[in-house]
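Please open the structure in your viewer and keep the selection tool at hand. The stops below say what to select next and what is there.

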Amino acid sequence: MSAGNDGEEIEVTNEPLVEAPADTVAGEVVLRLTDVVKTFPGVRALDGVQLEVRAGEVHCLLGQNGAGKSTLIKVLAGVHRPDSGEVVWRGEPAAFANPQAAMRAGIATIYQELDLVEDLSVAENAFLGHEPRRLGFVRRGHMARRTRQILARLGHPEIPPGRLVRHLPAAGKQIVSMARALSHEARLIIMDEPSAVLAHDEVGNLFRIIRELTAQGIAVIYISHRLEEIREIGDRVTVLKDGRTTAANLPARDTPTRDLVSRMTGRTIEYVFPDRPADDPAGAELLRVEGLTRHGEFADVSLDVRAGEIVGIAGLVGSGRSELLETIYGARRAQAGTVRMGGRTLRPGSVGAAVRAGMGMAPEERKSQALLLGEPIYRNVTLATFGRYARLGFTDAGRERAAADRIAASLELRPRDVRRPVRTLSGGNQQKVVVGRWLLGDTRLLLLDEPTRGVDVGARAELYQVIRELAARGVGVLLVSSEVPEVLGLADRVLVMREGRVVREAPAGELDENTVLDLVMAGSLMEGAPA
Amino acid sequence: MSDMTPTAAPERAADLPAQSPPVDPAETAKADAGARLSWWRGDGGEGAKRNLGLLATLVVLVVIGILTRPDLYGDASWVWGNTLTILKLASVVGVVTVGMTFVIIGGGIDLSVGAIVALAGVWCTTVATQSYGAGGMIFSALTVGLAVGVVNGLLISYGRLVPFIATLAMMVAARGLAAEISDKQTQVSNDSFINGIATVKLLGIPLLVYILAAVVAAGWVLLNRTTFGRRTVAVGGNPEAARLAGINVRRHTVLLYALSGLCCGIAAIMLTAQATSAQAAMANLYELDAIAAAIIGGTLLSGGRGTIIGSLLGVIIFSTITNLFAINGLSTEAQNMVKGGIIVAAVLVQQVQFRSLSQFLTRNRATTT
Ligand SMILES: Nc1ncnc2c1ncn2[C@@H]1O[C@H](COP(=O)(O)OP(=O)(O)OP(=O)(O)O)[C@@H](O)[C@H]1O
Ligand SMILES: [Mg+2]
């Protein structure tokens, strides 16, 4: 990986990133929650939570979408105040009035939904609210230097501290919010699904950082829906279900998966992919892409999808997968190449043309690209189809709600009431709304960009099932995912992308995880970013 | 770290009571109550609460009126007449505000509304236009309003100008053109049908008030019951999401400004009728009144949220304030100063009310469950 763009030398020292608090004894209980309750209008998000976190451990929180994990950490971070219950932080009862108070007390948080200021620089974001000052002036040089150090330790010396966050790709933004958490002198770092937007090698990097932190006696609360990650990095696990602790302090490595899942869901779920149909299901050619190119993003990509076929694209974040999907969909204009649907060439750069030809796309970033957060769930589900339920331009809310209800049921949306604003849904449930939108109507080709991001184990299986059923009905699917097993398990055919080019194409059965990982490696994070 | 893992024996909270069912009936009942309330706003309870806050503000203003002029308020027929005066006062700005509300919900702003009213008013009262009679005058006012709105929309969506800049330029240009056409003279309207619009009453209520009611009703239906309204909210709330869902954001933007222009055309006829004349300086600062009324009414300046009823209440609050000053014989200068203060106060009061009201409702719910 190359050094910083501005020629300045990067210090990669071995001094601790965050000063280890001298008075921290490893293994001592730093945080204890007893019977914490938090209600929102009509929802008991937390209904009696117990949690015990020790210094130097990685404590994992497990639970289905909407179980209350994010609400719990927002209580810890001072975003929400609990209705009742006790929070004891380092031996003393604590009630953080606001996020600043929690930060001062030594709790730093990486939120599930990125909370960066797009029009500030990387360094300004990292030190937002606690800029180093002298005589009231921000010490910009010092701040940039510290940021560069932190980024280097995070394995990303190539991200310039001066660049606007707006111009970073999604994974780069995640790195910046991690840098922000590390810029505090924290005793507890909370990470809410940090790996959801990271590619495989990035996750390895993240784990290295976490190990460094815990070695210094810093406690980490780690949330993820990926059990393999919890096995790898976690020490103990607390399981939440419907806002309650159903199991506390399980050993992360050797608690059987069956046990964890049944405590999360109250039933046993087989985490398997639906069977591929026995005979080759693929029908007539649906999509044909030829020589598609956008400079700096991807080059000379050709592919095809037939009716009833699921085609997966594997590759690192920044390998041009999302940009490719958006270009096929007309959201970006190709500089060269053609996109044909059912033999007809689509007008480049026109989403309308793509939608009329029967395409639908669930984009990568749900908050900025897909959702109207203040609007009810059903209106978000029918955002692309409300015209079909309308008569003479008059919308039919009843039929829309009925349709959204069906989607909500098949994707296990909770809470099920489709009149709630999407804003009040948990992250994973918002994701279900984004994907659910295109399960309505008569989409012939579905472009899915990270469809299971943040979706829990049970709902994920449901989603795979739904996608497979769509394919069985003759819908073509083009799937992008950072999770290689997902691509291999769900797709019929797999394309591997590296640095904007397709480097391998094969039936899913002929590839295994290691082969694919070998193929995709050597990508760099910053390549997806516009200059 | 190795000392961590096995030491704590897995203490399982297996003795927890049975889980509550995922959907509790009380919750569903509440949602139903919310749905029943929703005619008030069309899409949820939050706006209804805000509108109740506005009604409360209106009540306070009336109480101030009663306290300052108990003599007048003792007379029932005066009260009725005064109510009609307030509504009549609200009618022209009200029509403009309906269009403005759509533009703001759609993520834009229209600073040119006052200028469009003036241009349409001047255009429809030229000697040439008046020779075509009332029909010709109405047609030309509506067409001019619509056309200027379309130009605004094209500049913004296809010319990629910022709405603030594009409509600011249009504000200056349209007033300039109006002055050019009228040669800076006041053009008297000689058409008795047009002039009658301001004086005719049906069932004792001025026609102007009916026009306002009709435009408000049409605006409400358009926003809450049609695909056009749905697109407006989507385009303003998250343009990228709207675009990726296949909505033609640019075309819709043009339509929004065209709608605003059309409302200005209607307002121009009403205002010309009231004054029995038109001039380039008419409808001065209407853009401010309309924007302020929409914002007070709960329309989010950043787009994606707003209500027609809220905007209507905003306009009525403004004209009630004006009326309050008039019946107390205070000067318009004092009035303008106080009005500015009241805009701030109304928004503050409304926020506080809204917050405490929703807290109150939340607490009630918590106790009933
Ligand atoms: N601001 C809010 N208003 C109303 N309800 C809310 C709000 N925030 C969260 N909720 C509700 O609280 C519950 C818990 O949500 P939370 O975000 O904590 O879930 P989560 O465990 O983090 O799920 P995920 O894995 O999907 O991120 C959900 O039912 C959610 O709908
Ligand atoms: Mg969450």
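## Stop 1: a buried glutamate

E193(A) has a relative accessibility of 8%, so it counts as buried, the cut-off being under 20%. Keep in mind that this is a predicted model. To find E193(A) in the fold, select the loop between β9 (188-192) and α6 (200-215) of chain A. Check its backbone as well: E193(A) is not a glycine, yet its phi is positive, at about 45°.

Now show ligand 1 together with the side chain of E193(A). An N or O atom of that side chain is 3.4 Å from an oxygen atom of ligand 1.

## Stop 2: around ligand 1

Stay with ligand 1 and select G428(A). A polar backbone atom of G428(A) is 2.7 Å from an oxygen atom of the ligand. Next select A67(A), where a polar backbone atom is 3.3 Å from an oxygen atom of ligand 1. How much of the ligand's own accessible area does the protein cover? Taken on its own, ligand 1 has 640 Å² of accessible area, and the protein covers 88% of this.

Colour β2 (43-54), α1 (69-76) and α15 (427-436) of chain A, the elements that give two or more residues to the shell around ligand 1. There are 21 residues around the ligand, and those that come nearest are S70(A), T71(A), T424(A), S426(A) and G428(A). Sorted by class, the shell holds 13 polar, six nonpolar and two charged residues.

## Stop 3: the domains of chain A

Colour chain A by its domain assignment: domain 1 (25-106 + 186-266), domain 2 (119-185) and domain 3 (301-520). Domain 1 and domain 3 each supply at least three residues to the shell around ligand 1. Taken over C-alpha atoms, the centres of domain 1 and domain 3 of chain A are 31 Å apart. Where these two domains touch, 18 residues of domain 1 and 20 residues of domain 3 take part in the contact.

## Stop 4: two loops

Select P415(A), in the loop between α14 (397-410) and α15 of chain A. The peptide bond leading from R414(A) to P415(A) is cis, with omega near -5°.

Then go to E450(A), in the loop between β19 (445-449) and α16 (457-472) of chain A. E450(A) is a residue other than glycine with a positive phi, near 50°. Is E450(A) buried or exposed? Its relative accessible area is 5%, so E450(A) is buried.

## Stop 5

Select C60(A) in strand β3 (residues 58-63) of chain A. C60(A) is buried, with a relative accessible area of 0%.

Move on to T293(A) in strand β13 (residues 285-294) of chain A. T293(A) counts as buried at 12% relative accessibility. Leaving aside neighbours within four places in sequence, its contacts include F298(A), D300(A) and Q335(A).

## Stop 6: chain B

Finally, select chain B, which has 16 helices and four strands. Of its 369 residues, 49% are buried. Its accessible surface comes to about 16700 Å², and 68% of that belongs to carbon and sulfur atoms. Among the contacts in chain B between residues at least 6 apart in sequence, 77% join residues at least 24 apart.

Methods
Residues are numbered from 1 along each chain as its sequence is written. Chains are lettered from A and ligands numbered from 1 in the order in which they are written. This is a predicted model: local features need pLDDT of at least 70, side-chain atom pairs count only at pLDDT 80 or more; totals for chains, interfaces and linings use all residues. Side-chain values use heavy atoms; hydrogens and water are left out. Buried means under 20% relative accessible area, exposed over 50%, partly exposed in between (1.4 Å probe, protein chains only). Contact means heavy atoms within 4.5 Å. A residue is near a molecule or strand if one of its heavy atoms lies within 4 Å of it. A polar contact is a pair of N or O atoms within 3.5 Å; within protein, one must be able to donate a hydrogen and the other to accept it, and residues adjacent in sequence count only if both atoms are side-chain atoms. Accessible areas come from the Shrake-Rupley method with a 1.4 Å probe; for residues, only the protein chains shown count as cover. Ala, Val, Leu, Ile, Met, Phe, Trp, Tyr, Cys and Pro count as nonpolar, Asp, Glu, Lys and Arg as charged, and the others, Gly among them, as polar. Domain bounds come from an automatic or database domain assignment.
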